[in-house]
Amino acid sequence: MTGWAHHLIILPILLPLLASAVMLAFDERRRTLKRLLSFLTMVALVAVSTALLWRVAGGSPDSPSGSYAYLLGNWPAPFGIVLVIDRLSAMMLLLTNVLGLTTLLYALARWDRSGPRFHPLFLLLLMGVNGAFLTGDIFNLFVFFEVLLAASYGLILHGSGTERTSASLHYITINIAASLLFLTGIAIIYSVTGTLNIADLALRIPAIARADLALFESGAAVLGVAFLIKAGIWPLSFWLPRTYAAAAPPVAAMFAIMSKVGIYVILRLSSALLGADAGGAAGFADEWLRFAGLATMAFGIIGILSVRQLTGIAGYYVLVSSGILLTSIGIGGQALIAATLFYLVSSTLAVGALYLIIEPVERNADEEDMIAGIAEPVFDDEYVGAPEGEESEIGVVIPGTIAILGGGFIFCALLLSGLPPLSGFIAKFAIIDALFRHDRISGLDVALIALMILSGLAAMVAMTRAGIDLLWTPGEDSPSRLSIIEVGPIGLLLAVCVGLMVMAGPAMRYFDQTAAALADPAIYIEAVLSAPRAGADAGAAAR
Amino acid sequence: MEIVLALAIGTLTASGLWLLFRPRTFQVILGLSLLAYAVNLFILAAGRIRTDAPPVVARDAASDPALYADPLPQALVLTAIVISFATTALLLVVLLASRGLTGTDHVDGEDGDQ
């Protein structure tokens, strides 16, 4: 990546930051302007992350490994702040921004008016998530985590209401406590190694003296707990279903990617810092990840069967998918990690689509069945100075509401439970296939396979039950109106899942390369530490 | 010096944790603030404790790193202070909103023993 294209790396952070800053300067009532601005920003973000993925996947003569570092402020790598893009982060960026674009479109239908300043908060959330995927040192990771958390605190309160406020009280408290753990972990690691740059850490960890190893491991463990809270691992996950259920649907759909940020960091740090080359500290956390992951899955399965509301099912499904991902990361192995990445993408899109479809599906239901959080009145006086009589601008109302909703719902159910032929099935099949390729199939592998199949069954049962309740049972009230701007995004997300199914071959090849790059941290380290400074060699000639 | 700092961090952490697990929202906020102080001191300690040593290298001084305190943890602490201050302020607003909406200052929005 040379010339101007190199600066693409920082755009996923800069674009949403600038757009939300500009938006704050305008009156909140200039809605069309804000919508247009955030829509254009999201389209640009998707374009940028596609371009980044393209470049990273293609490889080029100057960096065949497909990893690039961007030196902010042009300081050499271990001293300055550095952004890194490689296959894993490019893939996560595209996933985030596609989910962000569709969620934003959905929110334009009406949710962005249920409270003030939705658009700036939404874009700041994306900035935080994108930054967390791009950053190359753990303290900036903390900063971007705080950016995304601060935005999410605002978004979880979006739409107000008692349930949201008291759920967010728990959510904010837990996340502040997790951030303090995060800082503690960073401090311990810094005191042992003297660096915070991930690539530099990876070089220094094998050289840690035996006496300091326990200190380093406890630092890494404290740090890991902070991410595992975000990912929703079992004993630390009780806040998650309630919070996600209380959030407004577009916000909940974005939260589907936030639990994956925790997973991403675990994957990134455990492969770069605690991989096979890490000397004494190698893989010390794997055992914990495996069993905690299995416990999370079991808890999620019981949870899915125990709740009747769709939002609850979706929340517990987030836990199940976190459990599958963490267990697979704990078991490790290139083929399994590749399959896990496929599952990560597929399950994030599916959960996002489910959160979006829940609200239109339940809008038809009898009032008393509706969930407190979701059924909050949308057009209350929260919105200061909203012009009256603009409801007809929402868009074209489409016929055949029930057929479309039912179709989308079945689609989601198939994706979540992992039935053929959709991408959920391919992902789970790939994981099981990778497990069977082990020379000796351990009890742990069997447990993972069994729980994964059980979770599919549980999701199927729960979704069928909810589907019969909400869609099949004839109700007195006529189905509500459904605008095309609400159906479109759901369709788009499901279409991406179909695309993932059709293109499973190329996608799997990409994930294989990603897993190979993760298994060899030397590629990442080399890309960061040997990143050329701008103007160091070509500067004189350019002038 | 080490023992004073260690005792301070330990006391703050213990009090913070105790308050964090109390049922009233205001106690929880105080607990989080105390924990944040403890963590900030801890970060400072992570850079090795030095007294009477400047963190910023003077322009004309000999560049012997042993003469200076580690500046990085001090920069990290500044960032951490700002962030924890902002999030605590936000939590305070949510606390007030929750108190107004539910009519109680219990963390669950309802008093369990009623």
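User: How many aromatic pairs does a search of the whole structure find over all chains?

Analyst: Rings of Phe, Tyr and Trp (its six-membered ring) pair if their centres lie within 6.5 Å; planes under 30 degrees apart are stacked, over 60 edge-to-face, the rest tilted. The search finds 18 such pairs. Take Phe145(A) and Phe227(A): their centres are 5.7 Å apart and their planes at 50 degrees, so this pair is tilted. Phe145(A) sits in helix α5 (residues 138-156) and Phe227(A) in helix α8 (residues 210-231), 82 residues apart. Helices here are DSSP runs (H or I, at least four residues), numbered from the N terminus.

User: Are Phe145(A) and Phe227(A) buried or exposed?

Analyst: Buried means under 20% relative accessible area, exposed over 50%, partly exposed in between (1.4 Å probe, protein chains only). Both Phe145(A) and Phe227(A) are buried. Now look at Phe238(A) and Phe299(A), an edge-to-face pair with 5.2 Å between centres and 90 degrees between planes. Phe238(A) lies in the loop between α8 and α9, Phe299(A) in helix α11 (residues 286-306). Phe238(A) has 53% relative accessibility, so it counts as exposed.

User: Which residues do ring pairs link into a cluster?

Analyst: Tyr153(A), Tyr171(A), Trp239(A), Tyr244(A), Phe255(A) and Tyr355(A).

User: How do the axes of helix α3 and helix α10 of chain A cross?

Analyst: Axes are lines fitted to C-alpha atoms over the stretch in contact, and angles run from 0 to 180 degrees between N-to-C directions. Under 35 degrees is roughly parallel, over 145 roughly antiparallel, 65 to 115 roughly perpendicular, the rest oblique. Helix α3 (residues 87-109) and helix α10 (residues 249-272) of chain A come within 9 Å and cross at roughly 170 degrees. That makes α3(A) roughly antiparallel to α10(A). Contact means heavy atoms within 4.5 Å. Leu95(A) and Leu99(A) are among the α3(A) residues that make it, and Ile257(A) and Leu267(A) among those of α10(A).

User: What is the confidence in chain A?

Analyst: This is a predicted model: local features need pLDDT of at least 70, and side-chain atom pairs count only at 80 or more, while totals for chains, interfaces and linings use all residues. Side-chain values use heavy atoms, without hydrogens or water, residues are numbered from 1 along each chain as written, and chains are lettered from A and ligands numbered from 1 in written order. pLDDT is the predictor's confidence in each residue, from 0 to 100. Chain A averages 83, and 88% of its residues score at least 70. Helix α4 (residues 118-134) is highest at 92; helix α20 (residues 539-542) is lowest, at a mean of 39. Over residues 365-394 of chain A the pLDDT is below 50.

Conventions. Helices (H or I, at least four residues) and strands (E, at least two) are DSSP runs, numbered from the N terminus.
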